[in-house]
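I opened the model to look up a few local features. My notes follow the order in which I checked them.

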Amino acid sequence: MRLDGKTTFVTGAGQGIGEATALRFAEEGAHVVATDVNTETVGETAETIEQAGGSAEAHELDVTDGDRFHELVDEVASERGLDVVVNNAGIGHPPQWIEDTDESVLDYVLDVNVRGVWNGCHAALPHMKEQGSGAIVNVASLAAHFGLPRQAVYSLTKGAVLNFTRAVSAESGPMGVRANAVCPGFVTTDLGEQFFATRSDPEAAREQMEQRYDLRRLGEAEEIADCILFLASDESSWVTGHGLVVDGGFSTS
Ligand code: NAI
């Protein structure tokens with residue numbers, strides 16, 4: 001088992017990529033601290049893990065709340081140590097031209113996607129540096145590499161997450177702490193579906209999108225979770241400061 005006895009902390013674990021990651025970590029022997037702003041769904045994630053014989057606890061956490069983030073991470077670290085943090089929670093926004101985008105959208109998406117990841121690293125690093133080990137995985141996006149039209153705010157935040165991850169690696173690598181990002185292409189979660197829902201013909205838009213991928217299909221949350229597992233486990237012990245593109249060949253052809 002790749003995470004046997006490890007304490008792992010996952011944000012946005014109520015559904016989608018975060019949920020898939022929490023379940024995958026538990027299968028690999030980790031204790032999972034599953035957190036989400038949605039108490040109901042994150043409770044279900046922890047329940048699913050426990051029912052399958054795994055070990056988990058669920059907590060309400062809005063990643064934009066730095067004080068609460070610190071409090072919870074401190075609690076977990078003092079009780080069990082802290083081996084892995086996955087800063088996964090993130091949001092999108094409706095397609096919008098830059099000049100039509102209200103500042104409140106900018107503030108909100110920045111707050112969740114960037115400040116949320118900042119808060120997670122800010123809270124975890126003192127513990128990981130002190131113990132001389134730890135792995136942080138931040139969930140960026142293919143949008144960190146492409147400037148997507150009418151997704152400028154999202155692109156801005158994910159570019160920030162990727163470059164921040166490199167800075168975390170540069171600062172904490174000497175103390176034995178690794179920090180990496182995953183950059184997924186289109187994944188069929190609620191967030192992905194929201195995108196198609198804004199199109200006049202969602203089914204046609206989906207088919208068109210699928211054709212842009214070498215593998216002619218969109219990604220599944222579990223496929224991203226497997227890559228997060230790799231970056232969280234000792235299998236990637238000499239990988240840090242890296243943004244792992246997971247996109248079914250979208251960006252290479
Ligand atoms: P999702 O919408 O299915 O799940 C996101 C989870 O985050 C939900 O459980 C939600 O309650 C939680 N969340 C939202 N705001 C929060 C907050 N302030 N504090 C704590 N939790 C919060 O989305 P999905 O697709 O699983 O996305 C996860 C991550 O993957 C995000 O960072 C997203 O940007 C990224 N991503 C997703 C892609 C996709 O196509 N679905 C592609 C590339 C990146």
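**Loops and positive phi**

I began with Arg216, which is found in the loop between α7 (202-211) and α8 (221-232). Helices (H or I, at least four residues) and strands (E, at least two) are DSSP runs, numbered from the N terminus. This is a predicted model, in which local features need pLDDT of at least 70, side-chain atom pairs count only at pLDDT 80 or more, and totals for chains, interfaces and linings use all residues. Residues are numbered from 1 along each chain as its sequence is written, and side-chain values use heavy atoms, with hydrogens and water left out.

I noted a positive phi of about 55° for Arg216, although Arg216 is not a glycine. Arg216 counts as partly exposed because its relative accessibility is 45%. For this I used the cut-offs of under 20% relative accessible area for buried, over 50% for exposed and partly exposed in between (1.4 Å probe, protein chains only).

I then turned to Arg150, in the loop between β5 (134-139) and α5 (152-172). Arg150 is not a glycine either, and its phi is positive, near 60°. With 33% relative accessibility, Arg150 is partly exposed.

**Aromatic pairs**

How many aromatic pairs does the structure hold? I found 7 aromatic pairs. Rings of Phe, Tyr and Trp (its six-membered ring) pair if their centres lie within 6.5 Å; planes under 30 degrees apart count as stacked, over 60 as edge-to-face and the rest as tilted.

Phe9 is buried at 0% relative accessible area, and Phe69 is buried at 0% relative accessibility.

For Phe195 and Phe196 I read ring centres 5.7 Å apart and planes at 75°, so this pair is edge-to-face. Phe196 is buried, at 2% relative accessibility. I also logged a cluster in which ring pairs link Phe146, Tyr213 and Phe250.

**Surface charge**

Last, I looked up a patch of negative charge on the surface, where Glu40, Glu44, Glu47 and Glu50 gather. Patch residues have over 30% relative accessible area and no salt bridge, and like charges are joined within 9 Å. A salt bridge is a side-chain nitrogen of Lys or Arg within 4 Å of a carboxyl oxygen of Asp or Glu. I placed Glu40 in helix α2 (residues 39-51). Glu40 is exposed, at 58% relative accessibility.

Key
Patches are made of residues with over 30% relative accessible area and no salt bridge: like charges are joined within 9 Å, nonpolar side chains (Val, Leu, Ile, Met, Phe, Trp, Tyr) within 5 Å. Accessible areas come from the Shrake-Rupley method with a 1.4 Å probe; for residues, only the protein chains shown count as cover. Lys and Arg count as positive and Asp and Glu as negative; His and the chain ends are not counted. The place of a charge is taken as NZ of Lys, CZ of Arg, CG of Asp or CD of Glu.
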